[in-house]
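This report looks at core packing and at one helix pair. The structure comes first.

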Amino acid sequence: AKMATVSLGFNIDSPRWDQSTFVGRLKHFFNITDPRTVLVPEEELDRAKALVEGCRAGLVPPGSSQEQLLYAKKLYDSAFHPDSGEKMNLIGRMSFQVPGGMAITGCMLQFYRTVPAVVFWQWVNQSFNAFVNYTNRNAASPISLRQIGVAYVTATGAALATAVGLNLYTKRAPPLLARWVPFAAVAAANCVNIPMMRQQEIINGITVTDENNNELGHSRRAAVKGISQVVLSRITMAAPGMIILPIIMERLEKFTFMQRIRVLHGPLQVLLCGGFLLFMVPAACALFPQRCSLALADLEPELRDSIVAKHGDKVPYVYFNKGL
């Protein structure tokens, strides 16, 4: 069969779906958080990067189809950082959120009864989150190893304090409340882990541009807005699985057949978590546009004045990458 050739004016960086709508962003993130891309060999990822960069320079290999270029862009978006173009570590990629998240979340929901189990699984989860948050930061803001260490210890401490404290508090409470403790710990830790891991952005500000990507300066308020949206997205990502699944398991465990197969409760929770995350990872990433905007009036006065002095009223909004 003859391959479809690349149409004139094809721009590999223009989104395939409208990123100003939730449905468009959902399709985009379903595409790039596809867990199957985790299995793609490194050489194929490198070829995809070379193809995307060649296409950006106007050097499309002869005989390339639009489908091939779009698949290369899918692989590129799943594995390379949008700011730096560097290959991201496997564990930190959003495409690893489903396999990694389902295993850890399933175990947190299954092993919630004893303090040592709670401590171990919350520590594993915060280690995983630290990888993800570091990998998906705004790469234009460097962070030192010391700051990474402090962020990791603080977030893990917050998660453990919440989990162990609530675990002891719910000993006499209805069983379902004890099952919800892992979610409370995850939500509390996200509120600490993400801002701490990305503290340089809050301290020094992040690069903001006009709609044509011309750099205008650095804004701390933009960083706060972007990081707040990421925290909300991460909590939303975990919420359905960690709130609804305990209710399902609480009902199921009353059946005789479920009491006979206790050894399978853990694997069952892991599989059900995977089902939730398969939809919730792209849905949570799609809650807010990746290319975030902030009204000129909401910027720091000194940055706003400098933009107005250079551009007058031609820049009503500034834009920045909020990270994931």
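Which residues in helix 8 meet which residues in helix 10?

## Basis

This is a predicted model: local features need pLDDT of at least 70, side-chain atom pairs count only at pLDDT 80 or more, and totals for chains, interfaces and linings use all residues. Residues are numbered from 1 along each chain as its sequence is written, and side-chain values use heavy atoms, without hydrogens and water.

## Helix 8 against helix 10

From helix 8 come Pro 182, Phe 183, Val 186, Ala 187, Asn 190, Cys 191, Ile 194 and Pro 195. They meet Ile 227, Val 230, Val 231, Arg 234, Ile 235, Ala 238, Ala 239, Met 242 and Ile 243 in helix 10. Contact means heavy atoms within 4.5 Å. Helices are DSSP runs (H or I, at least four residues), numbered from the N terminus.

The axes of helix 8 and helix 10 come within 9 Å and cross at roughly 165 degrees. Axes are lines fitted to C-alpha atoms over the stretch in contact, with angles from 0 to 180 degrees between N-to-C directions. That crossing makes helix 8 roughly antiparallel to helix 10 (an angle over 145 degrees).

## The largest nonpolar core

The largest nonpolar core has 41 residues, of which Met 237 and Met 242 touch the most other members. Such a core joins buried Ala, Val, Leu, Ile, Met, Phe, Trp, Tyr and Cys residues through side-chain atoms within 4.5 Å; buried means under 20% relative accessible area with a 1.4 Å probe, protein chains only. Elements giving two or more residues include helix 1 (22-32), helix 8 (181-197) and helix 12 (265-285). Helix 10 gives the most, ten residues.

Domain 1 (22-78) and domain 2 (94-205 + 218-288) both contribute, so this core lies between them. The bounds come from an automatic or database domain assignment.

Notes:
Buried means under 20% relative accessible area, exposed over 50%, partly exposed in between (1.4 Å probe, protein chains only). Angles under 35 degrees count as roughly parallel, over 145 as roughly antiparallel, 65 to 115 as roughly perpendicular and the rest as oblique.
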